[in-house]
Amino acid sequence: MAAITMEQQPADAQSAPDEHIAQLRTRIDEIDAALVALWKERAAISQEVGKTRVAAGGTRLVLSREREILERFSAELGADGTQLALLILRAGRGPL
């Protein structure tokens with residue numbers, strides 16, 4: 001007996017996976033939009049923290065705070081979390 005490939009299945013049998021994939025991709029797009037909005041909001045807040053700290057006579061950045069953020073992301077996401085945290089920190093404070 002020959003195996004039936006996706007190309008050989010009736011159109012309605014193929015539409016279910018296609019619809020499911022389309023729904024999943026729509027949700028991914030929604031998540032991406034939320035991530036971008038949150039990224040921008042976080043960067044703006046971080047920049048304001050830095051400006052406020054410098055205006056009060058403090059340093060532009062606090063290494064212990066950055067280390068805390070790096071550790072949190074690393075604990076949750078592993079090595080990718082560390083890289084993500086570095087990008088997030090740079091977005092808020094600018095390059096070192």
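I take contact to mean heavy atoms within 4.5 Å. This is a predicted model, where local features need pLDDT of at least 70, side-chain atom pairs count only at pLDDT 80 or more, and totals for chains, interfaces and linings use all residues. Residues are numbered from 1 along each chain as its sequence is written, and side-chain values use heavy atoms, with hydrogens and water left out.

**Entry: Glu 66**

I started with Glu 66, which sits in helix H2 (residues 63–77). Helices here are DSSP runs of H or I with at least four residues, numbered from the N terminus. Beyond its neighbours within four places in sequence, Glu 66 contacts Leu 61, Leu 89 and Arg 93. Is Glu 66 buried or exposed? Glu 66 counts as buried because its relative accessibility is 11% (buried is under 20% relative accessible area, exposed over 50%, partly exposed in between, with a 1.4 Å probe and protein chains only).

**Entry: Arg 93**

Next I followed the chain to Arg 93, in helix H3. Arg 93 is buried too, at 18% relative accessibility. Leaving aside neighbours within four places in sequence, I find Arg 93 in contact with Ser 46, Arg 60, Leu 61 and Glu 66.

**Entry: salt bridges**

My rule is a side-chain nitrogen of Lys or Arg within 4 Å of a carboxyl oxygen of Asp or Glu. The count by this rule is four salt bridges. One of them pairs Glu 66 with Arg 93, with the closest N and O atoms 2.6 Å apart. That pair links distant parts of the chain, H2 to H3, 27 residues apart. Salt bridges with shared partners also join Arg 65, Glu 68 and Arg 72 into one network.

Arg 27 and Glu 30 form another bridge, at 3.1 Å between the closest N and O atoms; both lie in helix H1 (residues 11–55).

**Entry: nonpolar core**

Which residues make up the largest nonpolar core? I get five: Ile 69, Phe 73, Ala 85, Ile 88 and Leu 89. A core here is a set of buried Ala, Val, Leu, Ile, Met, Phe, Trp, Tyr and Cys residues joined through side-chain atoms within 4.5 Å. Not counting residues up to four places away in sequence, Ala 85 touches Ile 69, Leu 70 and Phe 73.

Conventions: Helices (H or I, at least four residues) and strands (E, at least two) are DSSP runs, numbered from the N terminus.
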